[in-house]
Amino acid sequence: RRRLEGIASFWRDDLPTSEPVDIPLSQSELAGMVGLSRQRLSTLLNRLEAQDLIEVGFRRIRVRK
């Protein structure tokens, strides 16, 4: 979650508000960045999605915070 928030803040720098931001990363790419298997990352992303903190799409993750 912290890594996603850090990436989102980088992408949000170009936006005028704190709207949700789409991060153009696949789960495999993000898993490599954080040192997890894609399957483990998918489980963790599903938990964040259930808490309505993120939305996972095709080659993107929308961070709502």
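Arg-3, Leu-4 and Ile-7 of helix H1 contact Leu-30, Met-33 and Val-34 of helix H2, where contact means heavy atoms within 4.5 Å. The model is predicted, and local features need pLDDT of at least 70, side-chain atom pairs count only at pLDDT 80 or more, and totals for chains, interfaces and linings use all residues. Residues are numbered from 1 along each chain as its sequence is written, and side-chain values use heavy atoms, with hydrogens and water left out. Helices (H or I, at least four residues) and strands (E, at least two) are DSSP runs, numbered from the N terminus.

Two packed helices are described by the angle between their axes and the distance between the axes. H1 and H2 pack at about 110°, with their axes 11 Å apart. H1 is therefore roughly perpendicular to H2; angles of 65 to 115 degrees count as roughly perpendicular, under 35 as roughly parallel, over 145 as roughly antiparallel and the rest as oblique. Axes are lines fitted to C-alpha atoms, for helices over the stretch in contact, and angles run from 0 to 180 degrees between N-to-C directions.

The three strands form an open sheet in the order S1-S3-S2, with antiparallel pairing. Two strands pair if DSSP finds at least two bridges between them. S1 (21-23) and S2 are the edge strands, each with a single partner, so one side of each lacks a neighbour in the sheet. From one strand to the next, the twist averages 20°. Three bridges join S1 and S3 in the antiparallel sense. Asp-22 has Arg-62 in S3 as its bridge partner. H1 packs on this sheet and touches S1, S2 and S3. The direction of H1 makes about 110° with that of S1.

Leu-41, Ser-42, Leu-45 and Leu-48 of H3 are buried. They lie on the same side of H3, because their arc around the axis is only 120°; the arc is that of the directions from the helix axis to the C-beta atoms. Gln-39 and Ala-50, on the other side of H3, are exposed. Buried means under 20% relative accessible area, exposed over 50%, and partly exposed in between (1.4 Å probe, protein chains only). The buried residues of H3 pack against H1 (2-12), H2 (27-34), S2 (54-57) and S3 (60-63). Asp-52 follows H3 and has a positive phi, near 60°.
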